[in-house]
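Please open the model in a viewer and keep the selection tool at hand. The stops below may be taken in order.

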Amino acid sequence: MKSRLVFIDLLRGWATLVMIEVHVINAFVLPEIKEAGWFSVLNFLNGLVAPSFLFVAGFVFVIASERKLDEFRTFGQAFWKQIGRIALIWSVGYLLHLPYFSFSRTVRETTEQGWLKFYQADILHCIAFGLLVLFLTRLIVKREEVFRSLLTLFGLGSVFLAPFIWDIDLLNVMLAPIAAYINGQHYSQFPIFNWLGFMMFGGLAAMMYTNARAINKEQDYIRQVGWLGVGLILAGSLLIELPVDVPFVSKAIRANPLFFTTRLGIVLLLMVVCWHYAERRKTQSSFVLDVSRESLVVYTAHLLVIYGQFWNDHSLSFLYGKTFTFLEAVAATLVLIAVMVLLAKFWGWLKQRSLPTARACAYATGLIVLILFFIRES
């Protein structure tokens with residue numbers, strides 16, 4: 001990625017590092033610690049990870065697709081690479097939610113609730129779906145102003161429809177794998193309503209950034225985004241306190257458009273901070289950038305460390321879950337971050353040294369995992 005876009009890499013990198021802390025805290029810290037007053041502040045900050053990830057995913061796709069549009073529309077190599085990337089993200093999302101790492105056990109022993117947990121829409125599912133929407137729209141729509149309007153429409157639609165459909169049990173009207181993407185009634189943490197909005201507005205922000213950069217008004221763009229972020233935070237924070245009772249809509253906080261508005265404003269400010277940091281420090285390499293550029297590897301690996309059932313069919317979260325003091329959880333977080341940074345550095349080095357070797361390793365690992373899944377009986 002070009003140095004002038006390092007700020008987006010920094011935002012994704014820091015989101016990835018905080019994400020590791022989120023999962024360690026959620027899995028291992030003592031329940032009574034979560035009852036402390038200060039923990040709500042940490043919980044709020046941790047809640048910015050997913051919006052940041054989704055926003056960056058939309059932003060990066062739009063920027064990266066600029067130079068690939070001809071290949072996309074002629075079904076060239078870039079088209080198939082993008083299809084493969086979307087399929088990979090989607091596959092990893094489902095693999096991480098397998099009821100058992102055994103095909104026979106999954107078929108024989110998975111309960112109805114187990115299948116619902118498998119179908120749930122997690123962050124990777126939402127990203128994969130959003131990338132598919134962006135990709136298909138980019139393929140079909142050639143006029144920039146129409147593409148921009150559609151991103152706005154998709155974003156606003158996902159946000160403002162969410163409160164109307166959040167409380168509906170859609171299992172009565174559609175298949176569970178599809179219903180999981182619509183709302184959070186059955187385990188889904190990141191259904192497309194309203195989380196897809198972060199990706200769509202990330203793509204919209206990227207289009208506006210590209211236009212500003214083309215006429216040498218990048219600084220003006222960053223300044224305007226900063227003020228927009230402040231305005232969204234104030235609007236969302238103040239309006240959400242109004243005693244307004246709207247009929248026929250969900251009272252769930254995550255479905256509230258003002259919940260979305262506040263977090264989008266904060267993400268925009270975080271992007272502005274990362275831009276100024278990158279400009280001032282002229283950052284070209286750092287452990288944060290290493291983690292950012294291998295974020296899918298880090299995401300998958302750290303979840304396997306915490307939740308992978310490698311210890312007599314038990315995970316570390318099962319063996320030590322809800323037993324750590326806060327300091328122990330912080331220590332565990334730092335250790336896991338260090339391991340993930342080393343992994344990211346190694347994988348980035350391997351790809352730079354020999355991309356064919358890195359691809360061969362990735363394909364071999366995927367094939368081994370697939371074979372083990374089908375041959376394991378326990």
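How many cavities of 30 Å³ or more does the count come to? The count comes to one, a cavity being a set of points on a 1 Å grid over the protein atoms alone where a 1.4 Å probe fits but cannot get out. The model is predicted, so that local features need pLDDT of at least 70 and side-chain atom pairs count only at pLDDT 80 or more, while totals for chains, interfaces and linings use all residues. Residues are numbered from 1 along each chain as its sequence is written, and side-chain values use heavy atoms, without hydrogens and water.

Select Leu116, Leu170, Leu171, Ala176, Ala179, Ala180, Asn183, Gln185 and His186, which line the largest cavity (lining residues have an atom within 4 Å of a point). About 50 Å³ of space lies there, the volume being the space filled by probe spheres set on the points.

Next, select helix 8 (residues 123-140) and helix 11 (residues 192-214), whose axes lie 10 Å apart at an angle of about 60 degrees. Helix 8 is therefore oblique to helix 11 (angles under 35 degrees count as roughly parallel, over 145 as roughly antiparallel, 65 to 115 as roughly perpendicular and the rest as oblique). In the contact (heavy atoms within 4.5 Å), helix 8 contributes Cys126, Ile127, Phe129, Gly130, Leu131, Val133 and Leu134, and helix 11 contributes Ile192, Trp195, Leu196, Met199 and Met200.

Finally, select helix 1 (residues 6-28) and helix 2 (residues 39-46), which pack at about 130 degrees with axes 10 Å apart. Show Val18, Glu21, Val22 and Ile25 of helix 1 against Phe39, Leu42 and Asn46 of helix 2, the residues that make this contact.

Terms used. On a 1 Å grid over the protein atoms alone, a cavity is a set of points where a 1.4 Å probe fits but cannot get out, and a pocket is an open set with protein on both sides within 12 Å along at least five of seven lines; lining residues have an atom within 4 Å of a point. Axes are lines fitted to C-alpha atoms, for helices over the stretch in contact, and angles run from 0 to 180 degrees between N-to-C directions. Helices (H or I, at least four residues) and strands (E, at least two) are DSSP runs, numbered from the N terminus.
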